[in-house]
Amino acid sequence: MSLLTDLVNLNLSETTDKIIAEYIWVGGSGMDMRSKARTLPGPVSDPSELPKWNYDGSSTGQAPGEDSEVILYPQAIFKDPFRRGNNILVMCDAYTPAGEPIPTNKRHAAAKVFSHPDVVAEVPWYGIEQEYTLLQKDVNWPLGWPIGGFPGPQGPYYCSVGADKSFGRDIVDAHYKACLYAGINISGINGEVMPGQWEFQVGPAVGISAGDEIWVARFILERITEIAGVVVSFDPKPIPGDWNGAGAHCNYSTKSMREDGGYEIIKKAIDKLGLRHKEHIAAYGEGNERRLTGHHETADINTFLWGVANRGASIRVGRDTEKEGKGYFEDRRPASNMDPYIVTSMIAETTILWKP
């Protein structure tokens with residue numbers, strides 16, 4: 001008699017050429033992820049080979065009930081670490097039947113920025129540090145914390161090992177390997193300052209692919225925590241008080257910044273970001289004012305400042321970049337619940353295209 005796990009892990013390629021494609025999109029809240037699967041006649045390697053699909057937008061907060069059809073346009077393909085074989089995950093964006101991007105489709109506008117000739121010429125690289133918090137399912141309290149109580153103060157937990165300090169490592173490692181399997185350029189993981197909080201990094205990724213990879217990495221994390229019976233939170237300040245918040249620091253460079261003399265280009269780009277500080281903060285995630293307080297390795301939300309190796313700044317430049325006269329900088333303002341399409345394209349638009 002087969003066990004459920006035997007059937008879940010069936011190798012389809014032994015009996016059929018057909019594959020399963022899991023179509024993924026961002027739901028109506030701008031943070032919830034939705035997906036559904038369809039059968040395709042054979043392996044697919046390019047999104048252009050995939051059919052468009054539709055869904056009921058009235059059930060995701062993205063269309064009225066009397067005109068509920070929303071169309072999914074496949075944009076990026078990843079290997080499916082859950083079904084494996086030739087099965088795939090497909091990152092999509094959403095349009096009306098007339099072909100107009102729906103309001104929650106932030107990828108469409110980002111793709112326009114990244115296809116601009118001036119931006120293409122600068123080959124913008126991104127490295128995004130995605131922080132998140134693992135919560136106990138029925139009580140919405142961080143993993144490893146006593147129910148209704150608190151662990152010892154911060155200090156022992158960052159990059160820690162040991163059952164009394166590190167909570168959820170199996171989930172984190174499963175996610176790490178699943179992302180590598182999928183083809184996401186995940187570059188590392190670490191335990192964070194608050195117990196139950198972790199981080200993964202994606203990059204370097206060029207242009208629009210940074211947003212695609214972060215969203216699919218989030219989807220994979222949601223699926224793994226679903227299996228583990230744990231809740232993942234991207235709230236920028238899940239626990240009030242003397243606990244670190246959760247961000248999504250965005251490391252960024254252009255071709256000009258990576259070449260000799262790039263440090264001057266970096267300083268000019270940072271000046272531009274300072275002039276548009278309010279616009280960026282408004283787009284960098286909901287609830288960020290609870291995180292950007294000037295404490296816990298953040299700059300105050302109303303203040304723009306930058307510095308070399310300063311983790312209390314809005315923008316941090318690394319010592320190596322200063323020393324070598326070229327490299328990259330880190331925008332520390334984005335919240336953990338930011339939309340990577342918005343943040344990456346906005347940084348490119350401000351630093352490359354915008355003329356003050």
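Which residues in H7 meet which residues in H10? Ala269, Lys272 and Leu273 in H7 meet Thr350, Thr351 and Ile352 in H10, where contact means heavy atoms within 4.5 Å. By class, this contact of H7 with H10 has three nonpolar, two polar and one charged residues; Ala, Val, Leu, Ile, Met, Phe, Trp, Tyr, Cys and Pro count as nonpolar, Asp, Glu, Lys and Arg as charged, and the others, Gly among them, as polar.

The model is predicted: local features need pLDDT of at least 70, side-chain atom pairs count only at pLDDT 80 or more, and totals for chains, interfaces and linings use all residues. Residues are numbered from 1 along each chain as its sequence is written, and side-chain values use heavy atoms, with hydrogens and water left out. Helices (H or I, at least four residues) and strands (E, at least two) are DSSP runs, numbered from the N terminus.

Helix H7 covers residues 262-275, and its axis lies 9 Å from that of H10 at an angle of about 115 degrees. Axes here are lines fitted to C-alpha atoms, for helices over the stretch in contact, and angles run from 0 to 180 degrees between N-to-C directions. The crossing of H7 and H10 is right-handed. A crossing has this hand if the near helix is turned clockwise from the far one by less than a right angle, and is left-handed if anticlockwise.

H10 (residues 340-353) also packs with helix H2 (residues 107-115): their axes come within 9 Å and cross at roughly 30 degrees. H2 and H10 are therefore roughly parallel to each other; angles under 35 degrees count as roughly parallel, over 145 as roughly antiparallel, 65 to 115 as roughly perpendicular and the rest as oblique. The crossing of H2 and H10 is left-handed. On the H2 side the contact is made by Arg107, Ala110, Val113 and Phe114, which meet Tyr341, Thr344, Ser345, Ala348, Glu349 and Leu353 in H10. Its make-up by class is six nonpolar, two polar and two charged residues.

Isoleucine 347 is a further residue of H10. Isoleucine 347 is buried, with a relative accessible area of 0%; buried means under 20% relative accessible area, exposed over 50%, and partly exposed in between (1.4 Å probe, protein chains only). Apart from neighbours within four places in sequence, isoleucine 347 is in contact with Cys250, Tyr252, His280, Tyr284 and Asp331. Leucine 273 is 74 residues away from isoleucine 347 along the chain, with 7.7 Å between the C-alpha atoms.

Elsewhere, five strands form an open sheet in the order S2-S1-S5-S4-S3, with mixed pairing. Two strands pair if DSSP finds at least two bridges between them. S2 and strand S3 (53-56) stand at the edges with a single partner strand each, so one side of each is left without a neighbour in the sheet. The twist averages 40 degrees from one strand to the next.

Within this sheet, seven of the eight residues of S1 (residues 19-26) are buried, so S1 is largely enclosed by the rest of the structure. S1 pairs with S2 (residues 33-40) in the antiparallel sense over eight bridges, and isoleucine 19 stands opposite leucine 40 in S2. Six residues separate the two strands of this hairpin, and glycine 30 in the turn has a positive phi of about 85 degrees. With S5 (residues 88-95), S1 pairs in the parallel sense over four bridges; tyrosine 23 has valine 90 in S5 as its bridge partner. S5 in turn runs antiparallel to S4 (residues 69-79), joined by eight bridges, with lysine 79 bridged to isoleucine 88. Helix H5 (residues 209-228) lies across S1, S2, S4 and S5, at about 115 degrees to S5.

The loop between S4 and S5 holds arginine 84. Arginine 84 has a phi near 55 degrees, a positive value in a residue other than glycine, and is partly exposed at 41% relative accessible area. Valine 123, in the loop between helix H3 (117-122) and S6, likewise has a positive phi, of about 40 degrees. Its relative accessibility of 29% counts as partly exposed.

Strand S6 (residues 125-136) contains threonine 133, which is buried at 0% relative accessible area. Beyond neighbours within four places in sequence, the contacts of threonine 133 include Pro142, Met194, Val231 and Pro238. In strand S9 (residues 197-206) lies proline 204, and the peptide bond from glycine 203 to proline 204 is cis, with omega near 0 degrees.
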